Amino acid sequence: MKSNWLRHRVSGDALADRAEGLLAEGFRLGLVAAHDDGDRLRIVYLFLAGWPDRRIELECVVPAADPALRSLAYLSFPAGRFEREMADLFGLRPIGHPRPRRLVRHAHWPEAWYPMRADAGSAPQFAPGGRFPFLTVEGLGVYEIPVGPVHAGLIEPGHFRFSVVGETVLRLKARLWFVHRGLEKLFEGRLATDAVDLAERISGDTSAAHALAHSLAIEDALGIDLPDEAHRLRALLVELERLYNHAADLGALANDVGFGIANAHAQRIREQLLRINAAVTGHRLLRGAIQPGGVTLRALPDPAQLHSIATDLAEVAQLTLANSVAYDRFAGTAVLGSDDARGMGCLGYVARASGIRTDARIEHPTTPLPVTETGASSGDVLARYTVRRDEFAASAGLAGYLVESLTGPTRYAGTTPSPPARGSGIGIVEGWRGTIVHRVELGADARITRAKIVDPSWFNWPALPVAMTDTIVPDFPLANKSFNLSYAGNDL
């Protein structure tokens with residue numbers, strides 16, 4: 001991977017020109033990470049491109065006493081959000097940002113406390129209450145509907161404020177970070193080979209993919225190379241994770257339009273897949289199988305069973321779309337156009353449903369895989385449903401191929417080489433929601449000094465309010481489920 005990874009130290013004045021050039025060449029901004037190096041803040045911008053795998057880092061340094069940096073928000077919507085995150089957690093001032101208001105820090109957070117700084121110390125007393133300055137939409141017949149952050153059922157907290165005329169949504173604002181856990185800070189000081197349990201809990205339904213992205217980053221930093229057979233075993237686990245989540249989503253989407261029988265069968269299929277997971281790894285959510293330098297499987301799944309399950313789910317999807325009520329509710333609802341999806345940097349099935357080609361298994365492979373690309377162009381709930389349906393079939397076939405192609409043991413535990421004086425590494429994985437990126441830096445004692453994590457939900461959350469424009473309020477649960485974004489993966 002190192003041969004495809006270039007680093008450049010640039011000045012604040014040159015940063016914008018270099019970034020603009022990379023974006024024009026087809027790179028995307030995959031991650032921005034701030035680092036507190038004592039008397040300075042170091043900001044790393046990771047640009048990614050596929051076909052072939054390319055990774056370019058631009059690194060800029062600003063004084064810690066006056067951490068101001070020219071904003072790239074005018075070039076890139078994701079860059080503007082990363083800058084707001086760094087402003088909240090590191091105290092960075094993005095000069096020229098069009099909307100530099102708080103992103104992570106809620107109104108009750110102390111004004112001058114930046115928890116990711118090295119000298120932050122323990123959390124001070126938080127003030128009670130506080131208000132978030134929502135934009136008020138005015139006009140004849142306009143009213144607001146506030147929803148959350150506490151919701152009915154087992155769902156994490158998020159606040160949604162609808163500005164509505166009749167039943168039509170004029171504007172939706174989503175407010176997140178109610179479950180901010182300081183997860184990146186928790187990685188600091190951990191041994192490089194002893195932090196995968198945290199990675200597995202970044203977003204519980206994406207345990208395998210986050211564990212893999214973390215492990216790849218650690219291995220990249222330490223110079224650990226695994227045999228191709230180990231990479232294939234890991235790829236198999238990520239496909240099993242994709243299967244059980246897509247099955248659950250296809251059922252939940254049917255359930256949101258009242259087609260409960262389809263959901264019942266989808267949940268039956270999901271349970272079969274979870275039992276396969278338990279047999280393969282000892283854990284229904286695939287935890288404990290992937291670690292830096294190794295992978296451990298107890299057994300391999302039966303390709304014939306996976307094929308049978310895929311046929312079963314295809315029939316459930318066919319019956320769902322054959323139901324005129326379900327189809328009519330899906331088609332044309334919550335449309336996300338390709339220009340909007342591209343501008344916001346959307347990933348995974350959300351991007352593919354809007355006509356964007358993106359898949360880290362092809363763009364940033366760890367091993368060559370016969371990945372069947374799926375996609376749609378309408379960008380509505382129907383497209384996000386059919387992309388999942390098609391991905392399920394392709395993933396079941398890929399999992400079967402991987403099992404049949406494996407010839408070695410199902411356990412690899414490589415030796416860890418002596419750590420370098422200081423190393424950094426990148427891990428990129430196509431999780432079931434989309435591309436996951438981890439970047440780590442290690443100290444001389446092989447302890448993690450910085451871990452930056454980007455779940456695809458970070459990129460996809462801003463797209464939900466855009467898709468809800470001109471959609472009716474009763475379709476919000478359906479639209480929300482069609483995106484199915486992770487709160488925990490976003491609210492690190």
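Here are legends for close-up views of a predicted model. Local features are described where pLDDT is at least 70, side-chain atom pairs count only at pLDDT 80 or more, and totals for chains, interfaces and linings use all residues. Residues are numbered from 1 along each chain as its sequence is written, and side-chain values use heavy atoms, with hydrogens and water left out.

**View 1. Ser 163 in strand S8.**
Strand S8 covers residues 159-165 and holds Ser 163; strands (E, at least two residues) and helices (H or I, at least four) are DSSP runs numbered from the N terminus. Ser 163 has a relative accessible area of 3%, so it is buried (under 20% is buried, over 50% exposed, in between partly exposed, with a 1.4 Å probe and protein chains only). Look for its contacts, meaning heavy atoms within 4.5 Å: beyond neighbours within four places in sequence, they include Val 137, Tyr 143 and Arg 171.

**View 2. Glu 184 and Ile 453, listed together by UniProt.**
An unreviewed UniProt entry gives these two residues under "binding site"; the positions follow the numbering used here, feature names are shortened, and annotations may be inferred rather than shown by experiment.

**View 3. A closer look at Glu 184 in helix H3.**
Helix H3 runs over residues 183-187 and contains Glu 184. Is Glu 184 buried or exposed? Its relative accessible area is 5%, so Glu 184 is buried. Leaving aside neighbours within four places in sequence, Glu 184 touches Met 116, Arg 450, Ala 451, Lys 452, Ile 453 and Leu 492.

**View 4. A closer look at Ile 453 in strand S15.**
You will find Ile 453 in strand S15, residues 448-454. Ile 453 counts as buried because its relative accessibility is 3%. Not counting residues up to four places away in sequence, its contacts include Glu 184, Phe 187, His 210 and Leu 492.

**View 5. Helices H6 and H16 side by side.**
Two packed helices are described by the angle and the distance between their axes. The axes of H6 (residues 228-255) and H16 (residues 476-483) come within 9 Å and cross at roughly 170°. Axes are lines fitted to C-alpha atoms, for helices over the stretch in contact, with angles from 0 to 180 degrees between N-to-C directions. H6 and H16 are therefore roughly antiparallel (over 145 degrees; under 35 is roughly parallel, 65 to 115 roughly perpendicular, the rest oblique). Asp 249, Ala 252 and Leu 253 of H6 meet Leu 478, Lys 481 and Ser 482 of H16.
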